[in-house]
Amino acid sequence: MPKSKGGLGGRGLSALYAATSEEYGMSDELPIDTIKPNPNQPRKNVDEDKLRELAESIKKSGLIEPIVVRTVKGGYEIIAGERRWRACKLNGDSTIKAIVRDASDQEAMELALIENLHRDDLNPIEEARGYKQLITEYKLKQSEVAVQVSKSRSAIANAMRLLDLPEEIQEYLAENKLSAGHARAILGLSNDEARLALAKKVIENQLTVRETENLVRLTASGQDEKPTRQPLPKNFKVMAKSLRQRLDTDVRVTSSKGKNKIVIAFKDEDDLDRIYSILTGDAW
C-alpha cells in the first residue's frame, strides 16, 4: 500500500514489531524508571483487575513480548505496551525488555492505535477519538487513516459518528455501559435530548441492540409526525362565507406556512366576467 504523509502505510503490527525473530532478539533490558507513558495513548481507561491479572501472569511466566519505545529527552517514551510496563512496575521490576525504534509523533500515535485495535483494548469512544486525533493533528483524510490502521473508510466514518453523541452518552460508551451497536442505533434519533433519554432507558432496562433499534423507530416516527394544523381565525371563516354569498360561488380562505390566500372558484370565462364585475363594479 502507498505510504501516506509520513505514516506507516497500512503495515499494521508488522510495522510495529518488524515481525522477525531477529528483531525481537535486539530487544534491550531498559531501566523501567527511564520509561514514561505516551501522553497521546488512545486508551485512557485501564481495568485495574485485568492489570493485576497481567502482573501475576508476567510474574509467573515472564514478559514474553517486549514493549516498544522511542528515545525522547530524558529517557524513553512508550509506543506500545503500556499495560505490560504498568504490570511490571506493579511487580516491582527494575528493568523491562523493550525494542527501541525511531518514530515520529504521528507514527507513534498510529502504532499505539494499531496495537490497541488489534488487541481489542480500546472502547468505541477511545477508538473514535484516536481516529479524530490522527485527522485533526496530522491532517490525514479518513481514507488515509483507513490505510494506516488497515480498516475500511466506512469503518472509520462509522466509528467517528459516535463523537456526534452527547458527552454523557460518550461516557457511557467509555465505561462500557453501552455498546457501539447501541450507540449507532441511538444516532438514529434527531436530537440530543431524545438520544440521552433513550440511552438511559437502554442502560436501566438492559435492552438489546435490536430492542434499542425498535425503540428508535418508534420514537423517530413520533418525532416525524406533522405538527397539528392550527385552526383558522374565526373572521377568516366569516369572511369566506360572506364572499360565497356575495359572489354566488365557492370561496375559500386558506393559510399555509405563514401565507394566506383567498381562492375563488369560477365555471368559465363568462362566470369570471361576472365575478370581476361584482368585485370591481366594472365590466371586463
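This is a predicted model: local features need pLDDT of at least 70, side-chain atom pairs count only at pLDDT 80 or more; totals for chains, interfaces and linings use all residues.
The protein chain contains 14 helices and 7 strands. Of its 284 residues, 39% count as buried. The accessible surface of the protein chain amounts to about 17,100 Å², and carbon and sulfur atoms contribute 49% of this area. When contacts in the protein chain between residues at least 6 apart in sequence are considered, 67% are found to join residues at least 24 apart.

Strand β5, which spans residues 95-100, pairs with strand β1 (residues 28-31). These two strands run antiparallel and are joined by 4 bridges. Within this pairing, Pro31 lies opposite Thr95 of β5. Strand β5 also pairs with strand β3, formed by residues 67-72. Here the sense is parallel, and the pairing extends over 3 bridges. Val69 is placed opposite Val100 of β5.

Lys200 is located in helix α11, which comprises residues 192-205. Beyond its neighbours within four places in sequence, Lys200 makes contact with Glu168 and Tyr172. Tyr172 is 28 residues from Lys200 along the chain, and the C-alpha atoms of these two residues are 9.2 Å apart.

Conventions. Residues are numbered from 1 along each chain as its sequence is written. Side-chain values use heavy atoms; hydrogens and water are left out. Contact means heavy atoms within 4.5 Å. Two strands pair if DSSP finds at least two bridges between them. Buried means under 20% relative accessible area, exposed over 50%, partly exposed in between (1.4 Å probe, protein chains only). Accessible areas come from the Shrake-Rupley method with a 1.4 Å probe; for residues, only the protein chains shown count as cover.
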